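Please keep the sequence and the coordinates at hand while reading.

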Amino acid sequence: MVAMKIDGRCHCGNIHFEAEIDRDRVSICHCTDCQALTGSAYRVTVLTSRNAVRLTGKPPKVYVKTGDNGNRRLQYFCPDCGSPMFTGGEGHAADDWGIRWGSIRQRGELRPKRQIWCRSAVPWVDSLGELPSRETD
Ligand SMILES: [Zn+2]
Ligand SMILES: [Zn+2]
């Protein structure tokens with residue numbers, strides 16, 4: 001456990017939060033739901049407890065997705081700019097929250113420590129360093 005205080009916001013700034021997290025609980029998910037919900041190749045999330053997150057500003061909107069295992073997961077996002085913000089569970093999993101990495105101001109300090117659903121990982125994910133690169137667009 002490496003405790004850290006973080007804060008963040010959605011892209012338009014209508015939703016703000018502060019949280020205490022464990023820097024060791026940063027993970028990448030390569031599942032096809034995360035690909036569809038982010039529009040990207042994989043998703044990075046900081047797992048935490050609901051009690052560790054304090055929300056301010058506008059309330060996020062919730063989309064409920066049902067996973068292959070039948071579990072319902074709540075997907076919190078900004079209704080104005082669409083930024084994915086949090087994930088949460090229901091019932092016994094109500095305290096299992098996650099903060100979407102891209103919404104965190106200190107995200108540059110948060111390195112993933114594990115990855116899951118690697119069977120649907122895109123094959124080029126490990127070879128980005130081979131692409132032609134520029135510092136800006
Ligand atoms: Zn927003
Ligand atoms: Zn996923």
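Strand β9, which covers residues 96-100, pairs with β8 in the antiparallel sense, and the two are joined over 2 bridges. In this pairing F86 stands opposite I99 in β9. The coordinates come from a predicted model, and the description should be read with that in mind.

On β8 there is also a pairing with strand β7 (residues 72-77), again in the antiparallel sense but here over 4 bridges, and within it Q75 stands opposite T87 in β8. The hairpin of β7 and β8 has 6 residues between the strands, and in this hairpin G82 takes a positive phi near 80°. Strand β8 (residues 84-88) has 4 of its 5 residues buried, and it is therefore largely enclosed by the rest of the structure.

## The open sheet of β1, β2 and β5

Another part of the model contains an open sheet of 3 strands, arranged in the order β1-β2-β5 with antiparallel pairing. The edges are taken by β1 (3-9) and β5 (53-57), and because each has a single partner strand, one side of each is left without a neighbour in the sheet. From one strand to the next, the twist averages 15°.

Strand β2, made up of residues 15-22, pairs with β5 in the antiparallel sense over 5 bridges, and E18 stands opposite R54 in β5.

## The zinc site

Which protein donors does the zinc ion (ligand 2) have? They are the SG atoms of C29, C31 and C34, which lie 2.1 to 2.3 Å from the ion. Along the chain, the donors of this zinc ion follow the spacing C-x1-C-x2-C. Of these residues, both C31 and C34 are buried.

How many disulfides does a search of the whole structure find? The search finds 0. For C118, the closest cysteine sulfur is that of C29, and because the two sulfur atoms are 8.9 Å apart, they are too far from each other for a bond; the cut-off for a disulfide is a pair of cysteine sulfur atoms within 2.5 Å.

C10 counts as buried because its value is 1%, whereas C118, at 41%, counts as partly exposed.

Technical notes
Residues numbered from 1 in each chain as written. Chains lettered and ligands numbered in written order. Predicted model: local features only at pLDDT ≥ 70, side-chain atom pairs only at ≥ 80, totals over all residues. Heavy atoms only, no water. Buried < 20%, exposed > 50% of the residue type's maximum accessible area, 1.4 Å probe, protein only. Pairing = 2+ DSSP bridges. Axes fitted to C-alpha atoms, helices over the stretch in contact; angles between N-to-C directions. Donors = N, O, S within 2.8 Å, 3.2 Å for Na, K, Ca; no water.
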